[in-house]
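I list what I looked up, in the order I looked it up.

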Amino acid sequence: MKLLIVEDEPNLLSILRKGFAENNNEVSVAMDGTTALEMLHNYNFDVVVLDVMLPDINGIEICRRLRASKNFIPVLLLTALGTSENIVTGLNAGADDYLVKPFKFGELDARVNALHRRAHLDTEKIDVITIGDLEINGRGKTVKRDGESIVLTAKEFKLLYYLAKNTGRIVSRDQILDNVWDINFDMNTNVVDVYITYLRKKIDKPFETKLIHTMKGLGYVIKL
């Protein structure tokens with residue numbers, strides 16, 4: 001899985017990075033809250049391991065901002081404050097789990113894997129994604145906007161569904177090619193831009209509020 005570890009203590013960060021990488025995970029790191037929020041906005045991760053005490057924006061506030069932006073990535077808080085009050089504050093801010101320092105890496109690894117499995121199962125259960133007046137039925141492969149049915153081709157639907165699953169997150173052209181087209185697809189093609197144009201004509205053009213946005217140099221994002 002793709003992990004983001006947010007920890008400002010260099011020795012602990014090094015241990016965590018090494019441990020997760022040895023278990024065949026793709027590990028990214030941040031040492032402050034500002035960098036973490038930027039990475040979470042620009043890239044997709046499966047789980048975040050987040051220290052509460054950071055030098056700028058603390059982990060509790062990061063959780064609040066993630067949930068306020070409709071980003072429901074699983075978050076595990078690392079905290080030196082093990083009182084019930086502090087744990088409750090973290091969970092109420094949107095964290096999915098917590099671990100009190102000091103801890104054994106094996107327990108952290110097990111908890112992270114459990115969060116990933118749970119999130120994967122929850123994603124499979126989602127039938128309908130709603131973004132404003134846009135409704136996407138993943139099981140029925142149907143799309144409505146403002147109550148009107150919109151007919152999409154199979155590839156258009158797959159692209160829209162991928163964007164919708166990442167609502168509020170920027171996805172690059174390469175990420176779209178990997179997830180919507182075959183892995184061996186010609187990476188020099190402009191097929192992504194062509195299909196984004198097709199989608200905009202059907203999803204955005206007839207309506208006042210535009211949902212599909214181009215982020216210059218980064219990719220695309222669907223959001224209100």
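Which residue in β11 is the bridge partner of His213? I found Val221 in that position. I note at the outset that the model is predicted.

**Entry 1, the β10 and β11 pair.** I then checked the two strands as a whole. Strand β10 covers residues 212-215 and strand β11 residues 219-222; they run antiparallel and are joined by 4 bridges. Between them lie 3 residues, and the two strands form a hairpin. In the turn I looked up Gly217, which has a positive phi of about 80°.

I turned to the annotated site. The unreviewed UniProt entry gives Asp51 the annotation "modified residue: 4-aspartylphosphate". I located Asp51 in strand β3, residues 47-51. Is Asp51 buried or exposed? Its relative accessible area is 3%, so I logged Asp51 as buried. Leaving out residues up to four places away in sequence, I listed what Asp51 touches: Val6, Glu7, Asp8, Gly59, Leu78 and Lys101.

Last, I looked at a helix pair. The axes of α6 (residues 154-165) and α8 (residues 191-204) come within 10 Å and cross at roughly 85°. I therefore recorded α6 as roughly perpendicular to α8. On the α6 side the contact is made by Lys155, Glu156, Leu159, Leu160 and Leu163. From α8 I wrote down Tyr195, Ile196, Tyr198, Leu199, Lys202 and Ile203.

Key: Residues numbered from 1 in each chain as written. Predicted model: local features only at pLDDT ≥ 70, side-chain atom pairs only at ≥ 80, totals over all residues. Heavy atoms only, no water. UniProt positions renumbered as here; feature names shortened; annotations may be inferred. Buried < 20%, exposed > 50% of the residue type's maximum accessible area, 1.4 Å probe, protein only. Contact = heavy atoms within 4.5 Å. Pairing = 2+ DSSP bridges. Axes fitted to C-alpha atoms, helices over the stretch in contact; angles between N-to-C directions. Parallel < 35°, antiparallel > 145°, perpendicular 65-115°, else oblique.
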